[in-house]
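Please consult the sequence and the model while reading.

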Amino acid sequence: MAQRVHYRRKNHYNTKSNKVRPVRTPGGRLTIHVVKKKAAKPKCADCKNEIQGVKALRPIDNQRADKKHRTVSRAYGGSICAKCIRERIMRAFLFEEQKCVRQVLKEKKKQEKKVKKVTKVSKNKKKAPSKDAKNKTAPKSGKKPVAAKTVPKGVANKKKAK
Ligand SMILES: [Zn+2]
């Protein structure tokens, strides 16, 4: 008949936290070791997949462990996986680019409206052609290059960051 063993600590019930493992001692006696609960692996907050490079520790061990075991050196390192953070960065970047493009288009429309107004006025009144000519040329030369500069700047910065 198999040898019987009994609990050696105060908890005498077969609960989740009181799992044991039979062990044969060097003296030939059969005793038990209490087995710690298995720690859940850290999951990504977005896709719920396991995060690489982070240890699976029980809460108290997690508190005591060094930071290098709990995180990865990246934005949202220990809580979101690399794939998801890459997607987020891409989304943010494209959103910003779209904003830039929208602004440029708005400025272009404004300029077109101004030019149309100026031409209408000049056709109707025919008073001072020299002033109208100045108005036409000034906004074109002043604003267009600025708008053209803003878009490549953003693109260049993001590419460098990557
Ligand atoms: Zn993820």
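Is Tyr 76 buried, exposed or partly exposed? Tyr 76 is partly exposed, because 16 other C-beta atoms lie within 10 Å.

**Basis of the report**

The model is predicted, and local features therefore need pLDDT of at least 70, side-chain atom pairs count only at pLDDT 80 or more, and totals for chains, interfaces and linings use all residues. Residues are numbered from 1 along each chain as its sequence is written.

**Overall organisation**

The protein contains four helices and two strands. Helices (H or I, at least four residues) and strands (E, at least two) are DSSP runs, numbered from the N terminus. Along the sequence, these elements follow the pattern β-β-α-α-α-α.

Of the 162 residues in the protein, 3% are buried. Among the contacts in the protein with a separation of 6 or more, 38% are between residues 24 or more positions apart. Two residues are in contact if their C-beta atoms, placed from the backbone, lie within 7 Å.

**The two strands**

Strand β1 (residues 19-24) and strand β2 run antiparallel and are joined by six bridges. Two strands pair if DSSP finds at least two bridges between them. Within this arrangement, Lys 19 stands opposite Val 35 in β2. The two strands, β1 and β2, form a hairpin with five residues between them, and Gly 28 in the turn has a positive phi of about 90°.

How many of the six residues of β2 are buried? The number is zero, so β2 lies largely in the open. In a regular strand the side chains alternate between the two faces of the sheet.

The segment before β1 includes Arg 9. This residue, Arg 9, counts as exposed because it has 9 C-beta neighbours inside 10 Å. Arg 9 and Val 34 are 25 residues apart in sequence, while their C-alpha atoms are 8.9 Å apart in space.

**The loop between β2 and α1**

Ala 39 lies in the loop between β2 and α1. With 13 other C-beta atoms within 10 Å, Ala 39 is partly exposed. Apart from its neighbours within four places in sequence, Ala 39 is in contact with Ala 56, Leu 57 and Arg 58. The C-alpha atoms of Ala 39 and Asn 62 are separated by 10.0 Å, and the two residues are 23 residues apart along the chain.

Ala 40 is also located in the loop between β2 and α1. Ala 40 is exposed because 10 other C-beta atoms lie within 10 Å. Between the C-alpha atoms of Ala 40 and Arg 58, 18 residues apart along the chain, the separation is 7.7 Å.

**Residues with a positive phi**

Most residues other than glycine have a negative phi, and most peptide bonds are trans. Lys 48, a residue other than glycine, has a positive phi near 65°. Lys 48 is found in the loop between β2 (30-35) and α1 (59-64), and its 8 C-beta neighbours inside 10 Å make Lys 48 count as exposed.

Tyr 76, also a residue other than glycine, has a positive phi near 60°. Tyr 76 lies in the loop between α2 (67-70) and α3 (82-125).

Notes. A residue is buried if 20 or more other C-beta atoms lie within 10 Å of its own, exposed if 12 or fewer, and partly exposed in between; C-beta atoms are placed from the backbone.
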